[in-house]
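I want to go through a handful of spots and jot down what turns up.

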Amino acid sequence: MILKEENMDALFDPQILADDLCEVHHIYANFFATLNMKDWDKPVKAGSKEWTLHETVAHLCALSGAGLESIRYTLRGESYTFDGLTDRYHFVAYNRHGIDEHLSLPMQELCAEFLNILDQTAFIARTLQPDQVELASEMPIYNRPVKIVEAMSIIMFHAGLHHSAQVAEPAGVPPLWKQLYPEIQHRVIGRVMRALSLLYRYDLGGNLRASFVFQMDGPGGGSWHVDVSPKATSSAEGDANHPSLTFHMNKTDVFCQLMTGRLNLPLALLSGRLKLRGELRLFPRFGSLFSVDAKS
């Protein structure tokens with residue numbers, strides 16, 4: 001197995017994390033500065049099944065704010081409880097409750113709250129001590145305790161990638177992930193791979209042993225894999241010894257569109273922007289194997 005250890009280390013280096021969080025803060029600050037109230041509650045392209053811009057920013061405040069609080073508790077040696085999130089199957093209701101609690105805030109106040117969350121997370125990353133890096137806490141949707149640096153990386157890509165198209169569309173601007181430099185996109189992809197390993201559903205995977213490989217061409221691209229087994233999961237950059245299913249994308253844009261729910265999958269497959277190789281029977285299972293709340 002060929003690993004790029006220096007790149008994997010950079011993903012969770014506190015100083016690099018702080019820089020990347022500051023870049024996401026900068027992108028959102030510029031975006032919020034141009035927001036118009038007429039776009040605040042406008043339906044997004046995907047229709048009523050998706051949150052409005054207002055709801056999405058409320059969600060970013062609620063979930064990222066809870067993540068930040070869990071980091072603070074962990075640094076103090078205390079346990080944090082995500083109120084209302086007793087298990088993964090309550091995640092949708094937990095998110096809805098968090099959104100509803102924030103909807104009454106004026107637009108400028110809500111945007112300022114989210115920017116402050118990013119700022120405070122970056123500050124913690126910047127001042128994190130070496131003996132604190134391995135500290136971890138339980139989060140109900142993940143399959144093992146999450147390290148502080150992993151939690152900060154999730155806050156970073158949750159805004160920088162996952163919801164970056166959802167907030168941009170009502171305002172009529174390109175997805176905010178397009179503003180990330182290629183080297184930051186590269187790190188974001190590696191952090192998403194780690195999150196996938198944290199999300200893997202042992203209860204649905206059963207005896208599965210597999211290596212899911214993601215290859216991307218062009219700026220910011222590379223090769224990563226997520227390895228799963230009945231007892232452990234891991235993620236790494238580089239080539240896998242025994243790839244089970246390979247997703248080959250002609251550029252990182254395809255991955256970003258996939259992660260933001262904006263990829264026309266049949267068209268991507270027909271056009272060759274996305275190619276699948278290996279055990280194709282695993283492809284229909286991929287979504288549920290790495291889902292938060294798919295039923296057993």
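Started with Cys-22: at 35% relative accessibility I log Cys-22 as partly exposed, since buried means under 20% relative accessible area, exposed over 50%, and partly exposed in between (1.4 Å probe, protein chains only). Housekeeping before I go on: this is a predicted model, where local features need pLDDT of at least 70 and side-chain atom pairs count only at pLDDT 80 or more, while totals for chains, interfaces and linings use all residues. I number residues from 1 along each chain as its sequence is written, and side-chain values use heavy atoms, with hydrogens and water left out.

Next, disulfides (a pair of cysteine sulfur atoms within 2.5 Å). I searched the whole structure and got zero. Cys-22 is in none, and its nearest cysteine sulfur, on Cys-61, sits 17 Å away. Cys-111 is in none either; there the nearest cysteine sulfur, again that of Cys-61, is 7.7 Å off. Cys-111 is buried at 6% relative accessible area.

Then the core. I take a nonpolar core as a set of buried Ala, Val, Leu, Ile, Met, Phe, Trp, Tyr and Cys residues joined through side-chain atoms within 4.5 Å. Which residues touch the most other members of the largest one? Tyr-28, Phe-212 and Phe-214 do, out of 91 residues. I listed what Phe-214 touches, skipping residues up to four places away in sequence: among them are Met-193, Leu-196, Trp-224, Phe-247 and Phe-286. Contact here means heavy atoms within 4.5 Å.

On to the strands. Helices (H or I, at least four residues) and strands (E, at least two) are DSSP runs, numbered from the N terminus. I see β5 (residues 222–228) pairing with β6 in the antiparallel sense over five bridges; pairing needs at least two DSSP bridges between the strands. His-225 stands opposite Ala-236 in β6. Strand β6 (residues 233–239) is mostly covered, with five of its seven residues buried.

Looked up Asp-253 too: it lies in helix α11 (residues 252–259). Is Asp-253 buried or exposed? Buried, with a relative accessible area of 18%. Leaving aside neighbours within four places in sequence, Asp-253 contacts Trp-177 and Lys-178.

Last stop, Tyr-181, in the loop between α8 (164–168) and α9 (182–199). Tyr-181 comes out partly exposed at 48% relative accessibility. Tyr-181 and Glu-23 are 158 residues apart in sequence and 9.4 Å apart in space, C-alpha to C-alpha.
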